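Hi,

Here is the structure we talked about. Please load it, then read my notes below.

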Amino acid sequence: MNKLFSRALFPLLLAAWFAAQSAMAQDVVIAQAEPIVPNTGFETDLDADGWPDSWAKLKTGGSWEEENGNRFLRLTSMEPNGTTMLYQEISIPEGVGAIKMTWKQRITGLQRGKNSWFDARIMMEFMDAERNKVSPSPPTPHSGKDTDGWEEKEIAFLVPDGATILKFMPSLLQVQSGTFDIDDLTLMPTDPEPLREAAEVAQAAKAIKDQAHLEKKQAKAAKVLAENGTLVPHWNHENKQAGKGNIAEEDGNKFLRLVSPEPGKMVMDYREVDIPAGVEALELSWKQRVTGLKKGDKPWFDARIMMEWKDAHGKKLSTKPSPPYTQKDTNGWVEKRTDFLVPDGAVTLVMMSCLFQAKAGTYELDDFILKPTDPADILERKAARERQIAARFVPDEKPDKSKWPKMLKVVGNRLHDTDGNEVWLQGVNAGGLETLPQDDQPVKSLVVAIDEWNSNCVRVPMKEEFWWGKSPYQQDGGKAFREKIDKMITLAANRGAYIVIDLHRYRAPKQEHADFWKEFAALYKDHPAVLFDVMNEPHGISWEVWRNGGFVGEEKGQDESAFLTDDEKKKNRGFQSVGMQGLVDAVRSTGAKNIVIAGGIFWCNDLRGIVNGYALDDKGGNGIMYSWHTYNWHEGWEEKVLPVAEKYPIFLGEVGADPKKMEFVPADDQEDPATWVPDMLGFIQKHKINWTGWCFHPRATPRMLLDWDYTPTPFWGVPAKEALAGKQFEMKKMR
């Protein structure tokens, strides 16, 4: 024989030999087969325990019965909606590729449970040697009605690779009542080949049938789209009867109205839409009106449209569109729009408009239009997000103390380092961690602020609840959040810059705030780069309560807390405050000498009380700076801050202006940034006030950034960046 031919043929001959050997081994197993579970007729009880040998006992509802000299097992429903189950683990002999199961059963007095599958059934599952589930499971013989006496049953099923144990679970599953008798049960090895061949034939036939069904659905959807320009032509609700199915009518217009029935309950409108073949992306537009909305216990319990994809078999896909959501009332009807990609295998879009476990509210929707759209723009935005996520990554750094800045201390109304050099803090707020504990962008923002914007100080807003891991978004007790804060401290210090940790809370200091500062100060005691901004924006309290603590009741006057939830507002009244002195004392009790920053009253905009008897006692630390926050609607620069600036260093922790008007401030009171910003920067520079601009974020007004490429906004980011680079501004007018 040709040697080359021999080498080519040998692997094929070897594979055929192994296949033949495997088949012969299988034939031997079947030929020598015995039942893989003993005592198949439930007849013997050699240990005289009143139960058939080798069979597990039931916790309740099981009995070993006898009729006319014949023994069998009986399962009896003990209570409505309860389950009676025999649980038996059966070892599968090595080499068994299929099992044939035969048995007799008798069902009497059966009444199904609430669902159609709550009946008499034999459930089975496979497990491997490590007790992991192995798929596919055997079929589940079941019956929802009584039998006419005893009947014989038979099934055969394949044993998947790796399966060593069969979980055998005959049961009355959550039925109302009934009796399930079982006898003459045998499980025998059988030839798997006929089962495999039958499965392949059935699978091929099913595939043909499924494809025909799919093409029919897609063709129907394409016809609907061609005739109407939308896949949901009747979702303007005009063909519905008002008063039925959440349909309301107003001025002759019909629409969908969802009303929260009670706090925490979900009300939903569920619909499925088939998608034509070849559609790669969809655009959804609609109108909505939201009134009286109060979010639920979780941040995402609001008004939203949840969506899911189903494949041709009706199974959910793991990919789903992001749900458009609303967390506050709208000003009448508003138009909304979203678009999303159609993933491979998606055939049906499930849409669920709902008040998702909100506490209260009415969610009204109308004029839905769903149509294909060009995926190019969506793909471009997706790629941009992916680039943004990749760009935000900042590698960890080990602390390099040779690069750290010197420890600061207060000398008169200035800051000096330990070498006696005066230090003027200038920088930005790296916002985000006061809102979402999982936000990684502030880490990148800190580095960009120092490396590219010449900041020597970055203020980092955060919350004690995130530090302790109490947010619904956290499952690790705050570990990742604490590690992130620690990383940011190291990144700032390694760049020779200072970092201000801002406890971003409002109204008045609470005991939990003092507890946080005691813990935090102990960790970062005398770290030269770290300053403690102990309370973001006190408001609605007297100078006495501000300093010494006391009862904090209902606030009177203008409320600027548009960024607080109703729950946060409630928590900000009716408690005993420890006062700002209590926070200073908490820090100093650890022995930490780090500079403490304390903000004044009226949302940190008024410092006059500091020079009128309410200055804080530093208790032997490196000094206290007093924090001032001001925006383009605040006045009184001179009287509110300059008298204090003559005696103490000032930290302007938040400052900025934006053409976008704040809703909680009269529009006429908000000055144009073009005139306000140069004067404010000139004021800062003239009096050498330490400052960090708000906010180094493209969505936190007044915003310093246009995007996450860190493009400065022309009205505030550009001049702020110029000031950080050393450009001098002239103050032409005091406010």
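pLDDT is the predictor's confidence in each residue, from 0 to 100. It matters here, as this is a predicted model. The chain has a mean pLDDT of 92. Of its residues, 93% reach 70 or more. Residues 1–29 are another matter: the pLDDT there is below 50. Beyond near neighbours in sequence, that stretch has ten contacts in the model.

Next, a sheet. It is open and has four strands, in the order E14-E19-E16-E17. The pairing is antiparallel. Which strands stand at the edges? They are E14 (267–274) and E17 (325–326). Each has a single partner strand, so one side of each is left without a neighbour in the sheet. For E14, the pairing with E19 (residues 348–355) runs over eight bridges, in the antiparallel sense. Within that pairing, Asp 274 stands opposite Thr 348 of E19.

Now the cysteines. Buried or exposed? Cys 457 is buried, with a relative accessible area of 0%. Cys 695 is buried too, also with a relative accessible area of 0%.

Best wishes

Technical notes
Residues are numbered from 1 along each chain as its sequence is written. This is a predicted model: local features need pLDDT of at least 70, side-chain atom pairs count only at pLDDT 80 or more; totals for chains, interfaces and linings use all residues. Side-chain values use heavy atoms; hydrogens and water are left out. Two strands pair if DSSP finds at least two bridges between them. Helices (H or I, at least four residues) and strands (E, at least two) are DSSP runs, numbered from the N terminus. Contact means heavy atoms within 4.5 Å. Buried means under 20% relative accessible area, exposed over 50%, partly exposed in between (1.4 Å probe, protein chains only).
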